[in-house]
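Q: I would like to learn how to read the features of a protein assembly, one at a time. Could we begin with contacts between chains and then turn to single residues?

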Amino acid sequence: MATAAIDLKNIQQGRSLWQDAMSRLKQNHLAVFGLGVVIFLILIAIFADLIAPYSYEEQNLALGASPPSADHWLGTDTLGRDLFTRILYGSRISLMVGILATTVALTIGVTWGTISGYLGGRVDMVMMRIVDILYALPFTIFIILLMVVFGRNIYLLFFAIGAVEWLTMARIVRSQVMSIRNQEYIDAVISMGLPRWRIITRHVLPNILGPVIVYTTLTIPGVILLESFLSFLGLGIQPPMSSWGSLISNGVETMEEYPWLLIFPALTLSVTLFSLNFLGDGLRDAIDPRSAKD
Amino acid sequence: MPILQVDDLSISFRTREGRIEAVKNASFTLDKGQTLGIVGESGSGKSVLCYSLLGLLPMPPASIDSGKVMFDDKDLLKASKQSVRHIRGNRISMIFQDPMTSLNPYLTIGTQLVESLTIHKGMNKQSARRRAIQSMDEVGIANPEKRINSYPHELSGGMKQRVMIAMALLTEPEILIADEPTTALDVTIQAQILRLIKQLQHEHKVGLIFISHDLGVIAGIADEVLVMEKGDIVEAGPVEDIFYQTRHPYTKKLLASIPNTSKPGKYRYKRDNTSSPLLKLQEVKTYFHKSHSFLQSRSEEIKAVDNVSLEIYPGETLGLVGESGSGKSTIGRSIIKLVDIHEGKVIFKEQDILSTGHYQFDRLRHEIQMIFQDPYSSLNPRMTVFDTLAEAISLRNKQNNKNITPEVIQLMEDVGLNANQIRKYPHEFSGGQRQRIAIARALALRPRLIIADEPVSALDVTIQAQILDLLLTLVKKYQLTMIFISHDLSVVRYISDRVAVMQSGKIVETGETEALFSSPQHDYTRSLIRAIPIPDPEQERLRQAATTIT
Amino acid sequence: MFRFVLVRLLQAIPVLLIVISITFMLVRAAPGGPFDSEKNAPPEVIQKLNERYHLNDSLITQLSDYISNALQGDLGPSFRYPGRSVTEIIFTGLPVTLELGLYATCFAIVIGLLTGLIASYRPNSWQDYSAMTFAMTGICLPSFVLGPLLILIFSIWLEWLPVSGWNQFNGDKILPSITLGAAYAAYISRLTRGGMLEILSQDFIRTARAKGLSETRVILKHGLKGGLLPVVTFLGPAFAGLLSGSFIIETIFQIPGIGRLYVQAAFNRDYTMIMGTTIFFATLIVVFNLISDIIAAMLNPRITYKGKN
């Protein structure tokens, strides 16, 4: 085979769409900033024990609520607990809820959406009708109900939030799968006789990964928000554990006298939400440069 | 005294990769009642040039670097926005390529027609409406009083383009710019629309700038022609000079690329009459059910393929030709079970494909491969060329994985691609190169039958010629049998040994290519052949004269 | 059109039945009965109370009784406020919540459309960036953060507006309405921008420009109708979300609406009250989704009223 003796050293390396997307993302300063903040938050949540200057339960009733100082960077609450430490530990709860519940949503949503979109026809119709009906349910109210009825159980919370968020994921995945399904390269591999599961894993899923990553990034802040909302109402995390929502709720009660107790947790939550949203928007623009909208 | 004079016009675009010069130093004039044809391939700058005349380019990213556009003693490029707006759509009108997307889907035809008149001519709504109805009648829309209240989606493509023409001519403009106005239409509709434009231009004495990639269309409509390549006007002159005394090598290349319907193709295969057919379709029916909603039990049945019988012999190329919606693609997809057949038999190598089991069919599948129309969606964007081809090879050859690389390289060379590029991704290739990769993928399974579904319709004419020749070479080299599906009769005549003509799900005529083209038996075939524009001004004039009489 | 509305209405029935059943089952599954807090009450009294409220019947009977009553607008008596029916209590809170929701919606639409249109008129200009930063802020500042912050700034530090209340002091409706509407204003703004940019890049907008229409006419006559479709479809769920989201605002600002009743009922285990308000909210959501679907269908001539494709 003389022709095959091509100079393999001269092979040109291609640039995959992922590499293209990453280089576009790097040019988006807001998204890079968001990514930085997210990585920073994850690190401090993991190493909270090492970083925290105090124990999160450690009270100093004599001190009471004190404004920010050299000893207590963000001040202390009414029981004299260090606010910085409590926010630090709160980030564990918030991020954990965000990531775990999103994983639940991701798993159910991608499976449901892929099956529905790939098979199409009656299966799709029934599966999507179910999603439609579930969509119409007042889920926030149900979650509140659930927390009231079964008590404030953090695992139940993960599950409940994940169970709500998968609906949108399923819809997005389905529409993506359907549009990929209509691409001619799927027809090509079908007519080559590639087994169905390999078509799905090699040709369908890699091509919907982009939108799925984007939507996942945008779901996490939504979930964090929902948890904070529940904790704010007193239906999420139980004391003495704290999440950002419960810290904000405590802050509101005393905001007239000790405004820092409201401002710092609120700021942390907002910066986190900002970063995740910027990152998600940036990823969307980078992965699909045409969809720089909405 | 020309009505429009363009001098030294240069336009560039700012992109991420840098500045791109879209139009370089273009100069031309247009006289009253004259038709100026602008011809070029995609990216030649022909549309950009025309959009710039009316200030329709988005700026930025576009910018006009130099030049003048003189109309009515005014430089349109320097005139105030307001005065340009008064000329635009009033004294210079435009028709666009795709009538499906060029009309506002949220407004009725009437609203869209009337507003031109109320704005430019200061007419009141009632008289504008009367005038609009009259002009719809003029462009051949039946029942205009009723149609005026329709929304665009309620009209066919040809009707929409008629509405666009009516809209453009309502204000009695001096110049009409038509940007590929028939490219999105079927060939018979194209012929009607071209005739209409010509007739109206004659009646209204407008100067017409007609942009097209199709030399046949240009030959029939233009008085003067500009040939554009990558932003340059490489050749300009009267239409006869361009076609008969071609000077520029690019124009020569363009002309050489057109598969001319008046000339038969290069290769001809002689069928051995004793051989039995490789593939036989027996009374195949493929229906689609179009149901609207969950609760609606009554569903419409569309007979995409309606009782088709066909035989394909080993080594021949069968051209399957028809207009959009004729069911020609559905036949191709029915054969490889991409769509389910309702009734009938598909017999490949003496085996009924429909009654074979899944496992057996997968083996048969390797022997029938398909090449698709759109080179942009027929390759998985996340896989390198190597991965795409290797996947196909490993499907055929499940045990031996060692020889994959040399085989991939062999395939790349077969389709004329540089083997250095095997690690690249589809988006790094041009349309023609991608189509080569798709052909390589089909060949990787060593098929006996290739179904090519409009494999060149998305490509520029020079690339089209290359791909057609590649297909012909490969068919010969590997002794392939091919079903070549296309709407383009010229291409089909060039490549096929035998032709089958389809109309609304039925095959109306089959025959040896030359016999069918020289003496078509069926009326529909005759009207199709008559509708093809010939890239030769003299012959095109004769053809048009002939069609207007009948 | 009639058919379309009918189909949508028919679809709403299973939704509402599911809502009622789930709510009913969930509430019944709760540990502890409604009268457990009456610690001193002798068992006979509890028994009597249970009988009076039919708590001893089988669950299915209770559920079917409840559904048939609910269909007649009777959501049963309140466990917490003896002598008052749930329907009655809901209707005392409803006007307040509706008024709050209405102001918030108006705020959201006006601000959202305005900023969205400005942003889409000149994409990537400073106007666009500031509008979108505003929108992002609205999304990232949840109501339970925004509300207290606004109170802190405008009521406590600047002393311009009252801290809480509804219809008691001058201007006490301003802060709650803004707080409730802000996030929706942000969403509407982003949707408007996205929708308009999408439409303005369509071929038919080029046609409109080629006809020599003024830029204002191009945007208002040819762009707006299609560009606002995503906003219209969002409005239904938004208004519903706004109403059910109002309980946090009502709690923060101490507004006597249904939202606060709901939260109280949840804490008090007032079975009938929880069920009543849940069903009420669900109905509202279904109705508003229906309305926005119908409006969207009227705006888009291509939807043939035969249901979603």
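Q: Which residue of chain C forms a salt bridge with Asp281(A), and how far apart are the closest N and O atoms?
A: A salt bridge is called when a side-chain nitrogen of Lys or Arg lies within 4 Å of a carboxyl oxygen of Asp or Glu. In this predicted model, Asp281(A) pairs with Arg190(C), and the closest N and O atoms are 3.2 Å apart. The rule finds 1 salt bridge across the interface of chain A and chain C, and it finds 2 residue pairs in polar contact there, both at pLDDT 80 or more.

Q: Which helices of chain A supply at least two residues each to the side that touches chain C?
A: One reads this by assigning the interface residues to their elements. For the side of chain A that touches chain C, the helices that each give at least two residues are α5 (121-135), α6 (139-150), α9 (196-233), α10 (244-253) and α11 (260-287). The largest share, 11 residues, comes from α11(A). By class, the residues of this side divide into 29 nonpolar, 3 polar and 6 charged.

Q: How many residues are in contact between chain A and chain C, and what area is buried between them?
A: The residue counts and the buried area are read side by side. Here 38 residues of chain A are in contact with 43 residues of chain C, while the area buried between the two chains is about 3,800 Å², of which carbon and sulfur atoms give 79%.

Q: How many helices and strands does chain A itself have?
A: Here one reads the elements and then the overall dimensions. Chain A has 11 helices and 0 strands, and its C-alpha atoms fill a box of roughly 85 × 50 × 30 Å along the principal axes. Of the 294 residues in chain A, 54% are buried, and the chain exposes about 12,900 Å², of which carbon and sulfur atoms supply 65%. Among the contacts in chain A with a separation of 6 or more, 69% are between residues 24 or more positions apart.

Q: Is His120(B) buried or exposed?
A: A residue is called buried when its relative accessible area is under 20%. His120(B) has 10% relative accessibility and therefore counts as buried; its place is in helix α4 (residues 109-120) of chain B. A polar atom of the His120(B) side chain lies 3.3 Å from the backbone oxygen of Arg88(B), and a polar atom of that side chain lies 2.6 Å from the backbone oxygen of Lys211(C). Leaving aside residues up to four places away in sequence, His120(B) touches residues including Arg85(B), His86(B), Thr171(B) and, in chain C, Lys211(C) and Gly212(C).

Q: Is Leu310(B) buried or exposed, and which residues does Leu310(B) touch?
A: The accessible area is read first, and the neighbours after it. Leu310(B) is buried because its relative accessible area is 6%, and it sits in strand β12 (residues 300-312) of chain B. Not counting residues up to four places away in sequence, Leu310(B) touches Leu279(B), Lys280(B), Leu281(B), Leu318(B), Ala500(B), Ile507(B) and Thr510(B).

Technical notes
Residues numbered from 1 in each chain as written. Chains lettered and ligands numbered in written order. Predicted model: local features only at pLDDT ≥ 70, side-chain atom pairs only at ≥ 80, totals over all residues. Heavy atoms only, no water. Contact = heavy atoms within 4.5 Å. Buried area = accessible area lost by both parts, 1.4 Å probe. Polar contact = N/O pair within 3.5 Å; in protein donor to acceptor, adjacent residues only side chain to side chain. Helix = DSSP H or I, 4+ residues; strand = E, 2+ residues; numbered from the N terminus. Nonpolar A, V, L, I, M, F, W, Y, C, P; charged D, E, K, R; others polar. Buried < 20%, exposed > 50% of the residue type's maximum accessible area, 1.4 Å probe, protein only. Areas by Shrake-Rupley, 256 points an atom, 1.4 Å probe, with all protein chains shown as cover.
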